[in-house]
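The following explanation accompanies a sequence and its three-dimensional structure.

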Amino acid sequence: GTAGAGSGTTRTVAVTLADMRIRPARIEVAAGTALRLKVTNTDAQRHDLKVEDGPATPMLAQGDTRVLDLGQVTENREAWCTLPGHKAAGMTMNIVVKDEKDDTATDSSGHDGHTPAADDAGLDLSADFSTGWQSRDADLAPAPGGTVHRVELHAAHTTVEVAPGVKQQMWTFGGIAPGPTLRGKVGDVFEVTLVNDDHGMGHGIDFHVGSLAPDQPMRTLDPGERLVYRFRAEKAGAWLYHCSTKPMLQHMGNGMYGAIVIDPPGLAKVDHEYVLVSSELYLGKPGSTAQVTKMRQNTPDAWAFNGIANQYAQQPLKMKPGERARFWVVAAGPSDGIAFHVVGTVFDTVYKEGAYLLKPNQPGGAQVLDLAPAQGGFVETTFPEAGHYPFVDHDMRHAEAGAHGMVEVSK
Ligand SMILES: [Cu+2]
């Protein structure tokens, strides 16, 4: 109903069930509207829809549609899928009765004042990203030639779509979170110029691969300051770098981290190399009490590979059958590590914190690369045949909330 909606008006709303969500999640109607819901299950698994104090569909298989006639709606109603756990996973919908006179929703269910993003209902990670959105390139280029690498990193705020349709101000190195991945060989020298372009606050940088007194290179730069941080990478590994300014929980929790890869000597040739930096995502105004409370309680809004929840589920990494891949993984935290797993594959090579735990000529295989916060390593595997191979943080709370991507293997 549009103008004049209300008593005597009939309205039909298309509702879909999929991906542990009911869409739309909220329907507003004028009091007295006769409401009909045309419910379609588009999911691979079965769902139903039950309306509070009202009708329910039977269990719907994929593609099934039923119409629910609610009659005239005069009070707010909730609706949900009745399968065990599905409501808790996010399959709920609110029907909210609007008062025609002042055009405000009268919501007696206690949901007013909450934004869905920060709510316990969680993000809708299967929603669409904005038009033109591109995933962060996960391909890791070979180390550039030469033995001295000069890099300039600017500390600056930027706004990023960190989950489908969700924009968040991030504190970054180089305008992206994670910052750019640096790469070199054992013995290479890195000369990093850090420039603080943040008008509001100080930042610094800490390269875990560097072996030096932190006092000068890791000091906090005031806005507008710059410094040159020079170190020789003496040891191989997948290393974290991060902001060194206190409170580090906030500087890292808002995006100030990145990876630096130092190749071990004799690194085998593979068809694809990827870098995946895992992290938590905390939505809300950076540094606000509400956001920092979530950081302290370790209750992130989502988890992410390369800064954006679910990005490689929507834009998969692409390979061909029989190809071999190396995944460099760094756990940026700030508080959670990772149990990195690729569904449908077995790792024949595991390198963690400076040493091979497994090499291809051994009889054993591995399923997970486990990294504590700030640790790094890589795994290798071959993708045997065409298909879709999800990669996840096998802590399922994290996988369910964004630490989840896809390798698409096709000819
Ligand atoms: Cu910082």
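**Strands, a copper site and salt bridges**

In this predicted model, strand S9, residues 148–163, is joined to S10 by eight bridges, and the two run antiparallel. Within this pairing, Ala163 has Val166 of S10 as its bridge partner. S9 and S10 belong to an open sheet of four strands with mixed pairing, arranged in the order S10-S9-S12-S14. Strand S10 (166–173) and strand S14 (226–232) are the edges; each has a single partner strand, so one side of each lacks a neighbour in the sheet. On average, and ignoring direction, neighbouring strands of this sheet are turned by 30° against each other.

Another set of pairings involves strand S1 (residues 10–18). S1 runs parallel to strand S4 (residues 33–41), with eight bridges between them, and Ala14 is paired there with Lys38 of S4. With strand S2 (residues 21–23), by contrast, S1 pairs in the antiparallel sense over three bridges; Thr16 stands opposite Arg23 in S2. The hairpin of S1 and S2 has two residues between the strands, and Asp19 takes a positive phi near 50° in this hairpin.

The copper ion has as its protein donors His203 (ND1), Cys243 (SG), His251 (ND1) and Met256 (SD), at 2.0 to 2.6 Å. Along the sequence, these donor residues follow the spacing H-x39-C-x7-H-x4-M. Why does the arrangement of the four donor atoms count as irregular? The angles they subtend around the copper ion span 84 to 133°, and a tetrahedral assignment would require all angles to lie between 85 and 135 degrees.

Because Asp263 lies in strand S16 (residues 257–263) and Arg183 in strand S11 (residues 182–185), the pair ties together parts that are 80 residues apart in sequence. Both Asp263 and Arg183 are buried.

A salt bridge also connects Arg326 with Glu273 (2.9 Å, N to O). This pair links strand S20 (residues 324–333), which holds Arg326, to strand S17 (residues 272–281), which holds Glu273, across 53 residues. Arg326 is buried at 1% relative accessibility, and Glu273 is buried at 15%. Elsewhere, Arg397 and Asp395 meet in a salt bridge (2.7 Å, N to O); Arg397 is exposed, with a relative accessible area of 59%.

Conventions:
Residues are numbered from 1 along each chain as its sequence is written. This is a predicted model: local features need pLDDT of at least 70, side-chain atom pairs count only at pLDDT 80 or more; totals for chains, interfaces and linings use all residues. Side-chain values use heavy atoms; hydrogens and water are left out. Two strands pair if DSSP finds at least two bridges between them. Axes are lines fitted to C-alpha atoms, for helices over the stretch in contact, and angles run from 0 to 180 degrees between N-to-C directions. Donors are N, O and S atoms within 2.8 Å of the metal (3.2 Å for Na, K and Ca); water is not among the atoms, so sites may look incomplete. Four donors count as tetrahedral if all angles lie between 85 and 135 degrees; four count as square planar and six as octahedral if opposite donors are over 155 degrees apart and all others between 65 and 115; anything else is irregular. Buried means under 20% relative accessible area, exposed over 50%, partly exposed in between (1.4 Å probe, protein chains only). A salt bridge is a side-chain nitrogen of Lys or Arg within 4 Å of a carboxyl oxygen of Asp or Glu.
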